[in-house]
Amino acid sequence: MAARTPPRRLTRVDQPTFDPSWRDALAVPLASGTMAALIRFLAAEERAGVTIFPPPADRFRALELTALPDVRVVILGQDPYHGAGQAHGLCFSVRPGVKPPPSLANIYRELASDCGIAAPSHGFLEHWARQGVLLLNTVLTVAEGRAAAHRGRGWEHLTDAIIRAVADQQAPTVFMLWGSHAQAKAPLITANGDDRHLILTAPHPSPLSAYKGWFGSGHFSKANAFLAAHGRGTIDWSVPPLASA
């Protein structure tokens, strides 16, 4: 009798790696039937040979780098980049060596206009995340070459809980909501009926909408002015050269 081929290790999201400060806030959604269905869906996709980005080790990278009490700014994206080698768990960010996509190039253009920061040579934004900028997509995986392929499959159940957890913190926080998809999450932030947080809205920085009000929005300087006024310091929005550059 031929030896059985060991089963392929399937994607799991019920035991993710992230900073322990998030565990209490996310315990209920992670144990839900919605997340169980998501696990089954991702496993079925893998069995069918679908390439999923980012790889499992990077899917919760935003929560690894930014602890809940340290969040000062939330930048909310949609789903990860769907090209090979791009996504690594931080919205709008790409791995070292990958050319900044058009939306990120437009972010850099506005950053230069708003704060006088010259466009970096790369698109790796971990420097922001380590300062308390939560770079969160509302959907944490995508199929290769198929934008929004995993939207509505269950990730929103978890990421809505992440947004609520930040909004429930007493420390004043800035939420940058770019585009209608992100702006639809505003009720999660204002649910407590207070106005201690700053919500900044603008069109998405995509080339399709950046000229409709993204350029000139001034969100980076407005965020720092708000944080400074509330005793939370400021964000260094520069993107330092990579160590190997």
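Where does P54 lie? P54 sits in the loop between strand 1 (52–53) and helix 3; helices (H or I, at least four residues) and strands (E, at least two) are DSSP runs, numbered from the N terminus. The peptide bond from F53 to P54 is cis, with omega near -15 degrees.

Some housekeeping, friends. This is a predicted model, where local features need pLDDT of at least 70, side-chain atom pairs count only at pLDDT 80 or more, and totals for chains, interfaces and linings use all residues. Residues are numbered from 1 along each chain as its sequence is written, and side-chain values use heavy atoms, with hydrogens and water left out.

Next, two backbone spots. F92, in the loop between strand 2 (73–77) and helix 4 (102–115), has a positive phi of about 70 degrees although it is not a glycine. F92 is buried, at 10% relative accessible area. A148 is not a glycine either, yet its phi is positive, about 65 degrees. You will find A148 in the loop between strand 4 (142–143) and helix 6 (155–167). A148 is partly exposed at 27%; buried means under 20% relative accessible area, exposed over 50%, partly exposed in between (1.4 Å probe, protein chains only).

Finally, the pocket. The largest pocket is lined by 28 residues, and Q78, D79, P80, Y81 and N137 lie nearest its centre. Helix 3 (61–65) and strand 3 (133–137) are the elements giving two or more residues to that lining. Here a pocket is an open set of points on a 1 Å grid over the protein atoms alone, where a 1.4 Å probe fits, with protein on both sides within 12 Å along at least five of seven lines; lining residues have an atom within 4 Å of a point.
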